[in-house]
Amino acid sequence: DGKFVVELLPGNHAIWAIDGEHAASAVERFDLASGDVVAGVRLRLREGVRLSGVARSGNGQPIAGVQVDFGDGMVLTTDERGVFDAGFRRGDQRLIFRAPGMIPRAVDVQLRDKPLDLDVELEPARGRFEGRVVDGNGQPVADVEVELHPLDGLSPSRSEEHTSELQS
């Protein structure tokens, strides 16, 4: 009869419905306090088209373990063949592909009447920063944490703790 019950911990939650024959429902967001019951939630499945694809390296090899983020709470991971299957979706979609050692890539697609099978190429990330940490007097400082915050909106921030012998 379409009824559901989900037991949750208190906090902020996003809930939506999916099945293999429809596009997912819209995402509903709720704050749930201890003892709260949110009743009357209605999740409407929609018409859509199948969205799938493969992630490859620049030399055409499939990449396993690529995270495909749909920005709506769904994050998939490619299988050993580099393949992902997002099921049925609809409308404009922005997919962000992320894999260790690869440059993240955003792909915008418009889903209309026909299924879409993407072939996405990811390039290796070969850049690096090298430098030195010094204090206000120009003296080297050991055992520091160096943080990197990319501004592209796609890449994760990184933080590394470095311990090194002080050298003049």
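**View 1. Gln-93 sits in strand 7, which covers residues 91-98.** Strands here are DSSP runs (E) of at least two residues, numbered from the N terminus. This is a predicted model, in which local features need pLDDT of at least 70 and side-chain atom pairs count only at pLDDT 80 or more, while totals for chains, interfaces and linings use all residues. Residues are numbered from 1 along each chain as its sequence is written, and side-chain values use heavy atoms, with hydrogens and water left out. Gln-93 has a relative accessible area of 10%, so Gln-93 is buried (under 20% relative accessible area, with a 1.4 Å probe and protein chains only).

**View 2. Here are the neighbours of Gln-93.** Leaving aside residues up to four places away in sequence, Gln-93 touches Leu-51, Phe-70, Val-107, Asp-108, Val-109 and Leu-111; contact means heavy atoms within 4.5 Å. Gly-71 is 22 residues from Gln-93 along the chain, and the C-alpha atoms of the two are separated by 8.6 Å.

**View 3. The side chain of Gln-93 meets the side chain of Arg-89 in a polar contact of 2.7 Å.** A polar contact is a pair of N or O atoms within 3.5 Å; within protein, one must be able to donate a hydrogen and the other to accept it, and residues adjacent in sequence count only if both atoms are side-chain atoms. A polar atom of the Gln-93 side chain also lies 2.7 Å from the backbone oxygen of Arg-90.

**View 4. Arg-89 belongs to strand 6.** Arg-89 is buried because its relative accessible area is 7%. Its side chain is joined to that of Asp-72 by a polar contact of 2.5 Å. Not counting residues up to four places away in sequence, Arg-89 touches several residues, including Ala-23, Gly-48, Met-74 and Leu-111.

**View 5. Strand 7 runs antiparallel to strand 8 (residues 105-111), and 7 bridges join them.** Two strands pair if DSSP finds at least two bridges between them. Look for Ile-96, which stands opposite Ala-106 in strand 8. The hairpin of these strands has 6 residues between them, and Gly-101 takes a positive phi near 80° there.

**View 6. The largest nonpolar core has 21 residues.** Such a core is a set of buried Ala, Val, Leu, Ile, Met, Phe, Trp, Tyr and Cys residues joined through side-chain atoms within 4.5 Å. Phe-70, Phe-84, Leu-95, Phe-97, Leu-118 and Leu-122 have the most contacts inside it. Strands 3, 6, 7, 8 and 9 each supply at least two of its residues.

Notes. Helix = DSSP H or I, 4+ residues; strand = E, 2+ residues; numbered from the N terminus. Buried < 20%, exposed > 50% of the residue type's maximum accessible area, 1.4 Å probe, protein only.
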